[in-house]
Amino acid sequence: MARKALLRRISFYADLDDADQQVIMQLEGREQRFEKNSEIVDAGQELDSVLIVKEGWAIRYKSLEDGRRQVLNVLLPGDMFDLQVLVAAEADHSVKTVTSMTGLSVRPSVFRRLLTESGKLTLAFWWMQVQEEAFLREQIVRNGQQTARERIGHFLLELHRRVQIAGQGTRDGFRAPLTQTVIADALGLTPIHTNRVLRQLERDGLVERTNGWIQFKDAARLAEISQFDPAYFHLDAFRLRLGRE
């Protein structure tokens, strides 16, 4: 259920009691299913709900008039969009699925009421947004200052950690249903250059790719090369260990 995915996500930011969990599990909404490569939100579209991802992946992006695209971030199970509906009528970006996806559509009035039910829930959602902003800051630094090799390594390590938070993947790998074009558009690269760097990472014994599965062969070395420091996830404050002490 989308509610369970959301509950798992926000539980990383607050110790929710049974009453708080019940508020989430009883959240009113309409389940929706979207096919792969479906445009869920178009820039300029009037927004009428917040969507919570239950299953599947999507991308948030902006396009230029000539068709060039910048992928802003990747949406995973437990993520929400668009909270912008709470303060604005029109979307200033687009959202497209990269796999088939199911989600829970929640009216703004229902979501506002949820935020008044519990101080812990409000704090959890606030921290969730702090983390989203941190991801965007990393995206700016990654694309503005890092080499292609560093960008791709950093991006893969970030996705892996996020997939773990969503309760998927393994300690050393995850399934990434992203085309090289999507990765290139996220990192300001060309698909050809992205392919070349990924192949080099494989030759260097850092990652292995098999049918969409990314296996880290030397995650510590890749993190060093990419200058990946997960502190920007802001999870240590909540004693999260992701399987490690």
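Colleague: What makes β9 and β11 a pair of strands?

Modeller: In this predicted model, β9 and β11 are joined in the antiparallel sense over three bridges, and they count as a pair because DSSP has to find at least two bridges between two strands. Strands here are DSSP runs of E with at least two residues, helices are runs of H or I with at least four, and both are numbered from the N terminus. Within this pairing, Arg175 stands opposite Trp213 in β11.

Colleague: Which other strand joins β11, and what is found in the turn?

Modeller: Strand β10 (residues 207–210) runs antiparallel to β11 and is joined to it by four bridges, with Thr210 opposite Trp213. Most residues other than glycine have a negative phi.

Colleague: Why is Asn211 called exposed?

Modeller: Asn211 has a relative accessible area of 72%, so it is exposed under the scheme used here (buried under 20%, exposed over 50%, partly exposed in between, with a 1.4 Å probe and protein chains only). Gln227, in the segment after α8 (219–226), likewise counts as exposed, at 59% relative accessibility, and its phi is also positive, near 55 degrees.

Colleague: Why is Gly169 placed in the class it has?

Modeller: Gly169 has a relative accessible area of 42% and is therefore partly exposed. Gly169 lies in the loop between α5 and β9 (173–175), and beyond four places in sequence it touches Val163, Phe174 and Trp213.

Colleague: Why is Gln146 called buried, and what does its side chain meet?

Modeller: Gln146 is called buried because its relative accessible area is 10%, and its place is in the loop between α4 (119–145) and α5 (148–165). A polar atom of the Gln146 side chain lies 2.7 Å from the backbone oxygen of Ser226, and this is a polar contact because such a contact is a pair of N or O atoms within 3.5 Å, where within protein one must be able to donate a hydrogen and the other to accept it, and residues adjacent in sequence count only if both atoms are side-chain atoms. Among the residues that Gln146 touches beyond four places in sequence are Arg151, His154 and Gln227.

Colleague: Why is strand β8 described as largely enclosed?

Modeller: Six of the six residues of β8 (residues 101–106) are buried, so the rest of the structure largely encloses this strand. Met101, Gly103 and Ser105 are on one covered side, and Thr102, Leu104 and Val106 are on the other. β8 is joined to β1 (residues 30–34) by five antiparallel bridges, with Glu31 as the partner of Leu104, and it also pairs with β3 (residues 50–55) over five bridges in the antiparallel sense, where Val53 is the partner of Gly103.

Colleague: What makes up the contact of α3 with α4?

Modeller: Phe111, Leu114 and Leu115 in α3 meet Leu121, Thr122 and Phe125 in α4, and the contact residues divide into five nonpolar, one polar and no charged. Here Ala, Val, Leu, Ile, Met, Phe, Trp, Tyr, Cys and Pro count as nonpolar, Asp, Glu, Lys and Arg as charged, and the others, Gly among them, as polar.

Terms used:
Residues are numbered from 1 along each chain as its sequence is written. This is a predicted model: local features need pLDDT of at least 70, side-chain atom pairs count only at pLDDT 80 or more; totals for chains, interfaces and linings use all residues. Side-chain values use heavy atoms; hydrogens and water are left out. Contact means heavy atoms within 4.5 Å.
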